[in-house]
Amino acid sequence: MTTFRRALVTCLTVAPLIAAIPQSARADAAAGYPSKPVRIVVPYTAGGFNDTLARVVGRKLQDAWGQPFVVDNRPGGGTVIGTESGLKAAPDGYTLTIASFPTVVNQYLYKKLPYDTNKDIAPIIVAGATPNLLVVRADSPFKSMKDLITAAKKEPGRFNYASAGNGTSLHLAMEYFKSVVGINLTNIPYKGSAPMITDLLGGQVDVMFDNFPNAQPHVKAGKMRALAITSATRSPAFPDVPTVAEQGYSGFEVSPWYGFIAPAATPRPILEKLNAEINKILAMPDVKAVFDAQGVTVIGGSLRDFESHFRAQSSKWAPVIRTANISLD
């Protein structure tokens, strides 16, 4: 055998072994994961569904794997503070972060973030999503979405809408709606849903989008009228409320979502292990009951599903923000 052939045989024999070492090591890391407490960063105050999601799933993961999953609420900065804390942690699977609508759109709302949305995030799973309701007060002259659009086109700028603050999902949902249906409404920003509802019912604002769980009780109580729902299909809770899409605007869908992410360099086998276990958790009847009570639909799916969702959300909201010239700097 020539020197060249001996070298070639040696390379072909050793190369697979070398390639297998890191894969094996990573598999071992996943097999032993978790071996200590795991932190779940929630970029919101305790209370709302983001916090509930972390606590419910965290308890189930702790039950399954025997290690504490500790919720760490870090609100502020439009979720930037908490998200930075989670993404700048060691990429070892021991720090997870709750992700939601701002995780995607903040890159377009701020000139500079302390992390790179497209490079520093490893998606784990989309846990759930909830639609918005387009609502007016019960005595509003708008009996349908068509009534609202017709009136707004007849008198551009006369009517206003409430939002939960500039750059929030409710603000961007209405800006998206305005661009699709071709109307002009004036934004009246509030600090959250509660004061929005108060002023809508009091007649200070004409219309608004609100998250399904917030608006639902007022619609059921007869204090608000729902003109449309932003999901792709009608809700079983309100089967008589049509979607925006079926009222002549095909493809219109807005559903704020909730999920889990990790730092980008987290080993893939650990991400896959988390994804598989959380999918099991989301299928549990008691977990589904928590989601249902909050008006949230269970989603689940693979790592690639979340990656695709992230890209689609980015492509959808970037032009909306640019066109409306929205900035939080």
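Analyst: Helices are DSSP runs of H or I with at least four residues, strands are runs of E with at least two, and both are numbered from the N terminus. The model is predicted: local features require pLDDT of at least 70 and side-chain atom pairs pLDDT 80 or more, while totals for chains, interfaces and linings use all residues. Residues are numbered from 1 along each chain as its sequence is written, and side-chain values use heavy atoms, without hydrogens and water.

User: What is the volume of the largest pocket, and which residues are closest to its centre?

Analyst: The largest pocket has about 900 Å³ of space, where a volume is the space filled by probe spheres set on grid points joined across faces, edges and corners. Of its 36 lining residues, Tyr44, Asn50, Pro102, Ser169 and Asn211 are the closest to the centre. Helix α4 gives the most, with 4 residues.

User: Why are α2 and α10 called roughly antiparallel?

Analyst: Angles under 35 degrees count as roughly parallel, over 145 as roughly antiparallel, 65 to 115 as roughly perpendicular and the rest as oblique. The axes of α2 and α10 (residues 285-293) cross at roughly 175 degrees and come within 11 Å, so the pair is roughly antiparallel. Phe49 and Leu53 of α2 and Val290 and Phe291 of α10 are among the residues making the contact, that is, heavy atoms within 4.5 Å. Axes are lines fitted to C-alpha atoms, for helices over the stretch in contact, with angles from 0 to 180 degrees between N-to-C directions.

User: How do you know that β4 and β11 pair?

Analyst: Two strands pair if DSSP finds at least two bridges between them. β4 (residues 121-129) and β11 are joined by 2 bridges and run antiparallel, so they meet this criterion. Gly128 stands opposite Val298 in β11.

User: What makes β2 and β11 edge strands?

Analyst: The open sheet of 6 strands has the order β2-β1-β3-β10-β4-β11, with mixed pairing. β2 (69-73) and β11 (297-298) each have a single partner strand, so one side of each lacks a neighbour in the sheet.

Methods
1 Å grid on protein atoms, 1.4 Å probe; cavity = no way out; pocket = protein on both sides within 12 Å on 5 of 7 lines; lining within 4 Å.
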